[in-house]
Structure formats: structure tokens, C-alpha cells
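Hello,

Here is the structure I promised to pass on. Please open it alongside this note, and my findings follow below.

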Amino acid sequence: MTLAPCTALAGTNIALVKYWGKRGGTLNLPAAGSLSLTLRELDTRTTVRFGGAPEASRSAAARDRVVLNGQEADEKTRRRVGAFLDLVRARARLDEPAEVVTENSVPTAAGLASSASGFAALALAASRAAGLSLPPDELSALARQGSGSAARSIFGGFVEMRPGVKEDGSDAHAIPLLSEDAWPLRMVVAVTSEGPKAIGSTEAMQRTAATSPYYRGWIDSVDGDLRDARAAIAERDLPRLGAVAERSALRMHACALAADPAILYWSAATMAAMHTVRDLRARGIAAFFTIDAGPHVKVLCEAAQASVVASALAATPGVLRIIVASPGPGARVAPEVVG
Ligand code: PMV
């Protein structure tokens, strides 16, 4: 069978109401909803090509080839991608191995949510390359099986992840809330380290759920935050949305900090950047931070104030560099290059 390759693009997303906890089982189902903003500048471009004759002695996943930022991927990444491609192969009734070539616009090791854009781009490129044409909600549910946050990067702008109730996970997918051009905001990213994160999100979530005495309280707080965030987005009310975002991030980290052994993603620079944001607010600038499973600080503000916010963060001790990102579109197939 001849299958055409497909190239897809997806932006990463930053959660304003955090996802931190799974429902259990093998389908990577979230324990609660979440809400995020998809970004334009931090993205992944992935090409998938299925081909080669099936071999009786080796599974297709054992023969997949994964090239990440110009280099052969390590075995752990290759296995994770191979397991995801198996889901696509099963759906498309394919047995061919794949070649996956993927480029991130920021270094993967910096831990800037590359799994969100990575698995969103992979879900779209692999499903199309396998001859499938999945509707957005099914694509989102598929991307979720690669990485929970990737389900949200299928859509642009503000996006809500629905945790769903079904055992098969078909209703655990994201939905779009507000398009990327509807509200001129910026996410100013203060990069505070160039290394990989201390502990991966899956392991950290499991440890939090199993050992943090605050886990139940955290999960119970999410629905209220989602309601508040939805209302703030509908009214384009940045102070209200920002307050939810800070509260959600601090509660997520408080819950993880209380795990045993403790999960501590913050460095001195993370803390300093949080204080910079609070100082900016004291000066009347509407800026609000959020922090993911790493030491970087992401600051939501009006587009018109992004340069003031960026300068203040750049002058913060321990901040290495700044990336100013804007709301971006959902995952899409790359336009054909006509040569
Ligand atoms: O997509 P995962 O499994 O890497 O989890 C992402 C978790 C956070 O980035 C910390 C929060 C979120 O909602 O994106």
C-alpha cells in the first residue's frame, strides 16, 4: 500500500486552570477538567510517513524511526512515540512502521511544554498519514493518549479540556472556547533553566495523588476555577482570569509540594519572577503568573504591556531569557510547498 506522508503543525498551550491528576486506567484520563491558551510562537512541526514491508519477527513499533530536532531520538522517546503510533495503526488497520521527523521551535530539553505541541502535531500528522480523517474531538481524544495537555493543542485560542465520564475516554477531549484573534493578550515566558525538568508530569501526578494530603481538596477546587475562568474569558476580564490562573497554579504546586517525597519544581529564579509579577501589579500593570512542571514562569498580560512585563522579568535575578508568545491557532496540516 502507498501512503502519502503528512506534515502537521501545532502550538503548545499553557494551562490557566491546571491539569494535575489522572483518573486511572490505561487511557490517560484526567481526574478533572483544565483550561488553557494555545500559543503561536512555541510550536512543533512533525512529518509522519508510514512504509516498509511488515516483518514477522519484529513489531512495527520496534521498527519506527524518530528524528527529533535533527537527531535520532533516545530509546525512551522512541518507545513513547511508537506506543502512540500503535494506537493510530490499530485504528487504521495498518502494520507498517513509520518515520517521524519532528522539530520544536524551542529546545525540547528546556521543558517548555513540548509534549503538548508534540503529541498534538503527531496525532494529526500520523492519523492523516495513516489515511484517517478524524473529526477534531476524536483527534483531541487521541492526542490525550500521548500527553494529557496535548488534547488542548488541537484547538486554538482559549480551550477547555472536558474530563468526561465514559470508560472508553471518548468524551475526554478538549473544546474551543474563544478564537486566538478575539482577545489581544500575550504570554511572556521567563526561562529560568535550560535543563530538563526534575521529574516528569506522569510520575509526579501519580505520586501527588498517592501521597499528598491536599490532593482531594485540589481536585475538588477545579470546577469552581473552571467556572470563574469561563466567565472571565466571556467578559474579557483579565484581572479575574489572572486571579484564577495564579490561584490554580499555586494550588497545584502546593498539592505537589505536600507529596512524599516532595515535588519541588521551583528555583530561586522562579520565586523571584513571581515577586516581579506582584510588583508589576502593585504598579498598576495587569500581569499574572502561572508555573508548570518546571521552574519557568509564564506571565499573562495585555499585548500593549508585554514589553514592560518582558523588561521587568529580564531584569529579575536568575532569569536567562524571555520569549513573548501570542495566542495561536490549533493543530493544522502544513501547506504544501509548491516548488
Ligand atoms: O500533558 P502532561 O501529562 O505533561 O501534563 C501537563 C501538566 C501541566 O503542564 C503541569 C499542567 C497543564 O495543565 O498543562
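Val-191 is buried, because its relative accessibility is 0% and the cut-off for buried is under 20%. Please keep in mind that this is a predicted model. Val-191 belongs to strand 8, which covers residues 185-191. I also checked Val-191 against Leu-9. The two are 182 residues apart along the chain, and 23 Å separates their C-alpha atoms.

Ala-174 is another buried residue, since its relative accessibility is 1%. Look for Ala-174 in strand 7, residues 174-178. Its C-alpha atom lies 5.8 Å from that of Ala-151. In sequence, Ala-174 and Ala-151 are 23 residues apart.

Now the ligand.

Which residues come nearest to the ligand? They are Tyr-19, Ser-147, Ser-149, Arg-152 and Ser-201, out of 14 residues around the ligand. Arg-152 uses its side chain, with an N or O atom 2.7 Å from an oxygen atom of the ligand. Ser-201 places a polar side-chain atom 2.7 Å from an oxygen atom of the ligand. On its own, the ligand has 380 Å² of accessible area, and the protein covers 92% of that.

What classes of residue make up the shell around the ligand? There are 6 nonpolar, 5 polar and 3 charged residues. Domain 1 (6-179) and domain 2 (185-325) each supply at least three residues to the shell.

Next, helix 3.

Helix 3 runs over residues 114-129. After helix 3 comes Gly-131, with a positive phi near 90°.

Last, some backbone geometry to check by eye.

Most residues other than glycine have a negative phi, and most peptide bonds are trans.

- Asn-28 is not a glycine, yet its phi is positive, about 55°. Asn-28 sits in the loop between strand 1 (6-17) and strand 2 (34-50). With a relative accessibility of 14%, Asn-28 counts as buried, because that is under 20%.
- Arg-93 also has a positive phi, near 50°, and is a residue other than glycine. The loop between helix 2 (75-92) and strand 5 (98-104) holds Arg-93. Arg-93 counts as exposed, because its relative accessibility is 76% and the cut-off for exposed is over 50%.
- Asp-260 and Pro-261 are joined by a cis peptide bond, with omega near -5°. Pro-261 is in the loop between helix 7 (238-257) and helix 8 (268-282).

So, where to start? For the backbone, go to Asn-28, Arg-93 and the bond from Asp-260 to Pro-261.

Best wishes

Key:
Residues are numbered from 1 along each chain as its sequence is written. This is a predicted model: local features need pLDDT of at least 70, side-chain atom pairs count only at pLDDT 80 or more; totals for chains, interfaces and linings use all residues. Side-chain values use heavy atoms; hydrogens and water are left out. A residue is near a molecule or strand if one of its heavy atoms lies within 4 Å of it. A polar contact is a pair of N or O atoms within 3.5 Å; within protein, one must be able to donate a hydrogen and the other to accept it, and residues adjacent in sequence count only if both atoms are side-chain atoms. Accessible areas come from the Shrake-Rupley method with a 1.4 Å probe; for residues, only the protein chains shown count as cover. Ala, Val, Leu, Ile, Met, Phe, Trp, Tyr, Cys and Pro count as nonpolar, Asp, Glu, Lys and Arg as charged, and the others, Gly among them, as polar. Domain bounds come from an automatic or database domain assignment. Helices (H or I, at least four residues) and strands (E, at least two) are DSSP runs, numbered from the N terminus. The expected span of a helix is 1.5 Å times one less than its number of residues. Buried means under 20% relative accessible area, exposed over 50%, partly exposed in between (1.4 Å probe, protein chains only).
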